[in-house]
Amino acid sequence: MSGGAVLPGTVTAVDGPAEVAAAAAAWLVGIAEETLTRRDRFRIALAGGSTPRTLYQVLATPPHRERMDWGRWEVYFGDERACPPDDPASNCRMAREALLDLVPVRPELIHRMEAERADLDAAAAEYSSMLASTCQSAVSGSAPRLDCVLLGLGDNGHTASLFPGDPALQVRDRWAVRSRADYAPFDRITVTYPVLNAAAHVAFLVTGPTKGEALRGVAEGSVPAAGVRPPDGELRWFMDRVAAASI
Ligand code: 6PG
């Protein structure tokens, strides 16, 4: 990284997207194994985007496929676009095709966001309640504590579907809300900052040459992704050298 900009958390910079996926997969195997020595389930929120997709493909392939105790995974989503679940734009469809349909995750433990519904506020409110009822918080009444949250980074510094200037950025008392992107598909459901910041482990997956402004914005605290700083959790950045050099 040039220019002296410092990201919060631990940065792992490797050669290219395949190496990013391999490094993130190795990390994920470790935290899943460690979590499952203490807990019955490994609760993880998945992200959309091309970089997470490469990670999912690696996880669905030996040797990682055999190293995961998939039956004990409970899967959530960090965000979803307002479209049917079989739409090519659906984050859930992508995660199914790249991972969830290829490994023995229990279908009843996959919690997709129903962003195809006409009433997105109601769908978000139900997701928020479901999160609270299936995933314990560290302190009563605070946000549910997921074991792991995977995140992408948009060129404009958004993460999950927390977009610059959107009211969703201000929400502290609900765990999932409707939000709006600044490009199509516009309407979204997203988890909120309290959920991201309550997690035990959070990883950003960032590749390619277009992320420099967003990464500088994170270092300077000026973009939505900068609001992800789990006080009692691990924050990791897995990026390729092109992205790391662009900061
Ligand atoms: C969206 C995208 C978006 C994506 C980032 C990073 O819903 O608008 O999924 O949030 O995660 O733009 O994407 P890449 O991993 O492809 O760089």
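1. Let's start where two helices meet. H1 goes past H2 in a right-handed crossing. Keep in mind as you look that this is a predicted model.

2. How do the two helices sit relative to each other? H1 covers residues 17-38 and H2 covers residues 50-59, and their axes come within 9 Å, crossing at roughly 60 degrees. That angle is why H1 counts as oblique to H2.

3. Which residues do the touching? On the H1 side you'll find Pro17, Val20, Ala21, Ala24, Ala25 and Leu28, and they meet Thr51, Thr54, Leu55, Val58 and Leu59 of H2. Sorted by type, the residues of this contact come out as nine nonpolar, two polar and no charged.

4. Now zoom out from that pair.

5. What about the overall dimensions?

6. How much of the chain is buried? Buried residues account for 54% of the 247 residues.

7. One last thing, on how the chain contacts itself. Take the contacts between residues at least 6 apart in sequence: 75% of them join residues at least 24 apart.

Conventions: Residues numbered from 1 in each chain as written. Predicted model: local features only at pLDDT ≥ 70, side-chain atom pairs only at ≥ 80, totals over all residues. Heavy atoms only, no water. Axes fitted to C-alpha atoms, helices over the stretch in contact; angles between N-to-C directions. Helix = DSSP H or I, 4+ residues; strand = E, 2+ residues; numbered from the N terminus. Parallel < 35°, antiparallel > 145°, perpendicular 65-115°, else oblique. Left-handed = near helix turned anticlockwise from the far one by under 90°. Contact = heavy atoms within 4.5 Å. Nonpolar A, V, L, I, M, F, W, Y, C, P; charged D, E, K, R; others polar. Buried < 20%, exposed > 50% of the residue type's maximum accessible area, 1.4 Å probe, protein only.
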